[in-house]
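Please look at the sequence and the structure shown here. Some questions and answers follow.

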Amino acid sequence: MSYGFLIDTTLCIGCEACMEACQETNQLPRNDSYELSAERYTVVNNKTIADQDIYYRRMCMHCEDPTCRSVCPVGAFEKTAEGPVIYHENKCMGCRYCIIACPFDVPKFEWNKSLPLVKKCTMCYQRIKEGKIPACAEACPTGATLFGQKEGLIQIAQERIKQEKDKYHPYIYGLNEAGGTSVFIISSVSLADLGFKTKNFQEAFSKLTWQVMKEIPNVVAFSGVFLFGLSWIINRRIKLQEIPVDQDGAQIEEEN
Amino acid sequence: MNAYTLASRFHFRLTFWKGVFIVLLILGMYSTFVRFFYGLGTATNLSDQFPWGLWIGFDVLCGVGLAAGGFTLAAIVYIFNIKKFKPIVRPAILTAFLGYLIVIIAILFDLGRPYRIWHPIIMWNPHSVMFEVGWCVMLYTTVLALEFSPVVLEKLRWNKLLKIIRNFLIPLVILGVIFSTLHQSSLGSLYLIVPEKLYPLWYSPLLPVLFFISAVAVGFAMVIFESFLSARAFNKHLEKSLVSELARVMVFVLSLYALLKLQDFARRDAWSFMFINRTETYFFWAEILLGVVLPMIILAIPKIRQSEKTLFGGVLMVILGFIMNRLNIAITGMESYAQADYFPSWMEISVTLMIVALGFAAFRMAVKYLPIFEKKDHIEIPYRKQIKIRKVENHQLQKEKISN
């Protein structure tokens, strides 16, 4: 069973209840910023397009093939069977490769702690295991953030787009982005207009490095054999040249 | 030993460079304190928008690259068996060893939780480029320590251990070449994951290959550079013909790099980025002209190459161009996406300077107390003088025989 979110920006009224609920469940301090940080796992931003106020959420997309999981040298990120991408803080050494690599710029760092960790939305993994739904989805008064099984959410999104053609931009963001995610966003405008990445953004990013990484055993085996062979041939030749030979080419046996 | 000689032995004279060293050490220690007690946010200008800065861009990317002379020269001498380069192997391996120690120290500064640096040993993720780089740096530093150990063992006269290590020298060198090939290129692969963040002048699927070739070129440059510095500091230097030959090899490697770079731009059809009026364009051209085009011209023309000063200039350009390339990838090329004007804080700079200064000091000590530059191997003795010396020796031998 894989869960996810469906976010419908046409239903969002910008009340920020999800933000408050998130701060509360994750025991994060009060924060007035509208940007993701180690103290803010989700934000509601807004943009006015054609006299229409559009509110939209930013949070971890819980990718199917997460870039953070692929780049982490100690495997601190895990894509759980339930859908959330979670972080094992006892493994992390703080190299911040995940922060550089994440195509959605989600993981954030505790810059002002002497023993920092990486922080991001966990889809309330703990609550899911307890049989509850994520705090933000529970708090949402309008149903702009829906939590449920992915297949069901995709169906709902498709139906909404089909039934109200004038209202929706006909695209489900997150279905294929970065190889597919667990957070689907539908909106009245193209998500590109809201600042989401759309161009050349369908493939999973982990493939970019795996293409090279998978060749490593070949490189090691090939170069190992090649170098050993090379040094053997060259050294043997030099040794042979150093052995004195008589006129007939026969080896002169050393005295003693 | 009387009191006077004992005192003169420990006599400390403050010279200009010693003064600089002490100042760098004090500033660096202060920044170290701030970094570890108040966190990266206080000590550095890094942020969530710009999580990797000077320590990764210079200390790690440049440090590893500048140490590449260690594996290339070891390969030339022990695998290709070109024995005439043997006198340069030791300084090259020493530089590489110190270089990697510098890199490891820098990583300890940069990691959020440095005491977990050993985690990749037991927590595996073969998909991660960083995982592979970590393993290779660990293994190659071990190889370098073993490759360097004969120097220390000779001094200590631990002949049994020396013999064992000498027997394993060729397998060690081969392992070193493999590890180096892997992680020199993998430092480039680190950036394959950010196609939309790294500016198109630098992002390329060929990054691993470009990183490897440029590291080979700069490895040779560093060997020549050191030999010049050592000549000034210790009056120990390399034979001119060897340096000149290495310079010729560098021209070959640089032209290979240039060719690949052209092919890369052709393949990505990215020519137009070369001529946009942007900061990145200027940094790109500075890097290419300084690090590739000019030194290729200087080092390719025999007349210019033969002059010590211009040769030194050409080599210095390759090194500076290389450093620019790595900093461009780690910093300049990432700025426009991050929309953050990152410039290292004085504390970041002071930590880097302290680590580099410690490296220089360690190199100096090693050259002073260990047989790094072997006298008989590299100091050019004019032919006539050699004969004279031999004559004198013969004369003495005969005298001794007679007296016996």
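Q: In which helix of chain A is the place of Tyr97(A)?
A: The model is predicted. Residues 97-101 of chain A make up one helix, and Tyr97(A) has its place there. The element asked for is helix 3 of chain A.

Q: Is Tyr97(A) buried or exposed?
A: A residue is buried if 20 or more other C-beta atoms lie within 10 Å of its own. Tyr97(A) has 24 other C-beta atoms within 10 Å, so this residue counts as buried.

Q: Which residue of chain B is in contact with Tyr97(A)?
A: Neighbours within four places in sequence are left aside here. Tyr97(A) is then in contact with Val71(A), Cys72(A) and Pro73(A) in chain A. The contact from chain B is Met130(B).

Q: What distance separates the C-alpha atoms of Tyr97(A) and Cys68(A)?
A: Along the chain, Tyr97(A) and Cys68(A) are 29 residues apart.

Q: Which helix of chain B gives the most to the side that touches chain A?
A: Between the chains, 45 residues of chain B are in contact with 46 residues of chain A. On the chain B side, helices 2, 3, 7, 8 and 10 each supply at least two residues. The top contribution is seven residues, and it comes from helix 10 of chain B.

Q: How many nonpolar residues are on the side of chain B that touches chain A?
A: Sorted by class, this side has five charged residues and 13 polar ones. Its count of nonpolar residues is 27.

Q: How far apart are the C-alpha centres of the two domains of chain A, domain 1 and domain 2?
A: The domain assignment gives residues 3-204 to domain 1 and residues 215-256 to domain 2. The distance between their C-alpha centres is 62 Å.

Q: Why does the end-to-end distance of helix 15 of chain B agree with its number of residues?
A: Helix 15 of chain B has 31 residues, 308-338. At 1.5 Å a residue they should span 45 Å, so the distance between the end C-alpha atoms agrees at 44 Å.

Q: At which residue does helix 15 of chain B bend?
A: The bend in helix 15 of chain B is about 50°. After this helix comes Gln339(B), with a positive phi near 50°. The residue at the bend is Asn328(B).

Conventions: Residues numbered from 1 in each chain as written. Chains lettered and ligands numbered in written order. Predicted model: local features only at pLDDT ≥ 70, side-chain atom pairs only at ≥ 80, totals over all residues. Contact = placed C-beta atoms within 7 Å. Helix = DSSP H or I, 4+ residues; strand = E, 2+ residues; numbered from the N terminus. Nonpolar A, V, L, I, M, F, W, Y, C, P; charged D, E, K, R; others polar. Domains from an automatic or database assignment. Buried ≥ 20, exposed ≤ 12 C-beta atoms within 10 Å, placed from the backbone. Expected span 1.5 Å × (residues − 1). Bend = angle between axes of the 7 residues up to and from the residue.
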